[in-house]
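Please read this note with the sequence and the model open side by side, and look up each residue as it is named.

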Amino acid sequence: MASSSSPASPASASPASSPASASYLRSYLQEGYVVLREFASSEEVSKLRSRASEIMLAFSSSSSEEDGSAPHVFTTRDNKQSTTSDDYFLSSAHKVSCFLEEDAVDAEGNILVPQIDLAINKIGHAMHDVDSVFREFSRSDKIKQVCRTVGVKNATPVQSMYICKQPRIGGEVKVHQDSTFLATEPTPTCVGLWLALEEAHEKNGCLWVLPKSHNTEIARRFRRRASRGGSGLGEKENDPTGTGPVYFDAPLPDYTLDDFIPVPVQAGDMVLLNGALVHMSYPNTSSSSRHAYSLHVVDGSQTWSADNWLQRPPTTPFEPFEPLE
């Protein structure tokens, strides 16, 4: 855990600031992130949470009818991006798929919490396209305006996740940059829009950021191998010669955690994150969940890296907000 001394206050725009205003642009450009207070209304928050609950309950019902196959677990523990099911993870690029918390499942695959929907780590990764409720919010005028304000040209959503951060078992998300996973060429253009759907604080796993770290290079990439063999995602760190379908191409830099600051937010607040900004979140040690919706956009006129882990089939291409210039 980072130092308990009083951290710097997170960069934010006042609640009165309109999302259409450029008042927060300076903070975003200088710090690499900014908090937009009261970005989503209570009605919007409730609608997204209700829809996510429906998805998780449907997943719970279908899982109870499965034939004993291994549960689909997601974790970033030990600097690995892994899941117990390669194809399930990779094919989620164009679907709405549920992944379980690592600590919600024992070695034999048994669920350790009373209800399977309370074991879900996240839903991903194409809610912004596939699900009508999340699509409506993800393509709303105010989302488009934010992207224009921070300079995303030809804004194209490529990934979305509903993150639960379950009480007591919500896993740590290791230090990372979003452009590690979502690369465009020749220039990194990823921007993360992280919407709090519940209060997020230090005990339940709020975001921690390294201010101004967006001015550094993308430290490493999470790449998909040209040919596949074997099993296990991210089976070895910095191992381009391995057999797993994806790998990190460099070790994680040795960041000083005392340099990170927490970003506590209320439900409805939006955190904008430059794709190069280094950030993380600690495990949820509290009795309250920390639901959030995360959307990532890129400049659609740039080339989507052919070795990004997230690849869509030709029948479900990325859909830009507006026709590409």
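1. The protein chain exposes about 14,100 Å² of surface, and carbon and sulfur atoms supply 50% of that area. Please keep in mind throughout that this is a predicted model. Of the 325 residues in the protein chain, 53% are buried.

2. As for the overall make-up, the protein chain holds six helices and 18 strands. When contacts with a separation of 6 or more are considered, 80% of them in the protein chain are accounted for by residues 24 or more positions apart.

3. Which residues have the most contacts inside the largest nonpolar core? They are Y162, L193, L272 and W309, and the core as a whole has 57 residues. Helix α2, which covers residues 42-63, gives the most to this core, with six residues. Another core, of 25 residues, lies apart from it, and A11, A200, V209 and L273 are among its members.

4. L272 deserves a separate look. With its neighbours within four places in sequence left aside, L272 is in contact with Y24, Y28, G32, Y33, V34, L36, V146, V150, G192 and L193.

5. The C-alpha atom of D141 is separated by 9.6 Å from that of F321, although the two residues are 180 residues apart along the chain. After α6 comes G151, whose phi is positive, near 90 degrees.

6. Two residues other than glycine call for a check of their backbone angles. Most residues other than glycine have a negative phi, and most peptide bonds are trans. N154, found in the loop between α6 and β7 (155-163), has a positive phi near 50 degrees. R168, in the loop between β7 and β8 (173-176), has a positive phi of about 70 degrees. Are these two residues buried or exposed? N154 counts as buried because its relative accessibility is 13%, whereas R168, at 57% relative accessibility, counts as exposed.

7. A cis peptide bond joins G124 and H125, with omega about 5 degrees, and H125 has its place in strand β6, residues 120-125. A cis peptide bond also joins E185 and P186, where omega is about 10 degrees; P186 lies in the loop between β9 (184-185) and β10 (191-196).

8. Both residues of the cis bond between G124 and H125 turn up again among the contacts of S92. S92 is placed in the loop between α3 (86-91) and β5 (96-101), and S92 counts as buried because its relative accessible area is 0%. Leaving aside neighbours within four places in sequence, the contacts of S92 are S97, F99, G124, H125, A126 and W309.

9. P167 lies in the loop between β7 and β8 and counts as partly exposed because its relative accessibility is 27%, a value between the limits of 20% and 50%. Where does the chain come back to P167? Beyond its neighbours within four places in sequence, P167 is in contact with N284, S286, S287, S288 and S289. P167 and P283, which are 116 residues apart in sequence, are 9.2 Å apart in space, C-alpha to C-alpha.

10. Last comes the empty space. Rolling a probe the size of a water molecule over the atoms shows where such space is left. The largest pocket contains about 290 Å³ of space. Its lining has 19 residues, and those nearest the centre of the pocket are P188, T189, C190, V191 and N274. By type, the lining of the largest pocket divides into nine nonpolar, seven polar and three charged residues.

How values were computed
Residues numbered from 1 in each chain as written. Predicted model: local features only at pLDDT ≥ 70, side-chain atom pairs only at ≥ 80, totals over all residues. Heavy atoms only, no water. 1 Å grid on protein atoms, 1.4 Å probe; cavity = no way out; pocket = protein on both sides within 12 Å on 5 of 7 lines; lining within 4 Å. Points joined across faces, edges and corners; volume = space filled by probe spheres on them. Nonpolar A, V, L, I, M, F, W, Y, C, P; charged D, E, K, R; others polar. Helix = DSSP H or I, 4+ residues; strand = E, 2+ residues; numbered from the N terminus. Buried < 20%, exposed > 50% of the residue type's maximum accessible area, 1.4 Å probe, protein only. Contact = heavy atoms within 4.5 Å. Areas by Shrake-Rupley, 256 points an atom, 1.4 Å probe, with all protein chains shown as cover. Core = buried A, V, L, I, M, F, W, Y, C linked by side-chain atoms within 4.5 Å.
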